[in-house]
Amino acid sequence: MPELPEVETIRRDLAPRIVGRTVVEAWVSPDAPRLVQSETADSFCHRLTGHTIKEVDRRGKYLLLRLDGGFTWIVHLRMTGGLIHARGGCSSGFLRARFRLDDGSELCYADMRKLGTMWLVEDESAVVGKLGPEPLGEAFTPGELRGLLARRSAPVKAVLMDQRAVAGIGNIYADEALFEAGIRPQKAARRVSRKAAERLHGAMRQVLVEALGDRGSSFRDYVDADGEQGTHQLRVKVFRRTGEPCYVCGTAIRRVKVGGRSTHYCPKCQR
Ligand SMILES: [Zn+2]
């Protein structure tokens, strides 16, 4: 699933190309009935057409395309969604929606598993209002992380992945950040020491910034706004490295389930 670095890569690619452009035609495939939220696809396409994109923003794993007239077009890619900007037409076999812009280019929404969702809203908070802080934002301090861990008895990994606690982190970067910080994913959040929480704060930022530099991780489906893969999957330390030697100590990386999700860690480096 695209996480913060992947969605942010798409945002950065799209912004200079689509800001100032007007949607002149919108189409949603009838085989993607759950793509558009809280209204029919027809109504969504009708309301979207004619609006100009003023800004491309991101909150957690959500893309926010702010339009003239006070509307925001919100996109969540979920598991296999991708938003590709194309000048020669959309080519994916899993095309679920297409948006033609006034310069002749198109935004192509492809989604194999059809779990992605879109909204057109006046009040963004109806969709993204409950999200926790941005982990790369200035307001997210070590003290804030310590505070939110201290209130929770769930495994620390589950808290990192809880979008209401911190926005934008999923399975890949939770595992990687916990490895960098030397913390066991299963450990109860409230038992993470003050020092360890501070390490984790730095580790979260480090792994997210490194992944952004690599234009995201493409383990399976993720592609950027040009349909190209990221490269951070080549640099992960624990994620999906089950049985392979830890780069620090040589111990075999272990896989367990935490909060129902496959979780990878080094039993020696992470305590
Ligand atoms: Zn190790």
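The model is predicted, so local features need pLDDT of at least 70 and side-chain atom pairs count only at pLDDT 80 or more, while totals for chains, interfaces and linings use all residues. Residues are numbered from 1 along each chain as its sequence is written, and side-chain values use heavy atoms, with hydrogens and water left out.

I will start with the cavities. On a 1 Å grid over the protein atoms alone, a cavity is a set of points where a 1.4 Å probe fits but cannot get out; a pocket is an open set with protein on both sides within 12 Å along at least five of seven lines; lining residues have an atom within 4 Å of a point. A volume is the space filled by probe spheres set on the points, which are joined across faces, edges and corners.

Searching the whole structure gives two cavities of 30 Å³ or more. The largest cavity has a volume of about 40 Å³. What lines the largest cavity? The residues are E176, E180, V207, E210, H232, R235 and K237. By class, that is one nonpolar, one polar and five charged residues. Here Ala, Val, Leu, Ile, Met, Phe, Trp, Tyr, Cys and Pro count as nonpolar, Asp, Glu, Lys and Arg as charged, and the others, Gly among them, as polar.

The second largest cavity holds about 30 Å³. Its lining is E25, A26, W27, R98, F99, R100 and E106. Two or more of these residues come from each of β1 (23-28) and β6 (95-101). Strands are DSSP runs of E, at least two residues, and helices are runs of H or I, at least four, numbered from the N terminus.

The largest pocket has a volume of about 540 Å³. It is lined by 28 residues, and M1, P2, E3, M79 and R261 lie nearest its centre. α6 and β10 (261-265) each give two or more residues to that lining. Its classes are ten nonpolar, nine polar and nine charged.

The second largest pocket has about 200 Å³ of space. Of its 13 lining residues, T80, S92, A110, D221 and V223 lie nearest the centre. The largest share of this lining, three residues, comes from β5.

Last, the loop between β7 (106-111) and β8 (117-121). L115 lies in that loop.
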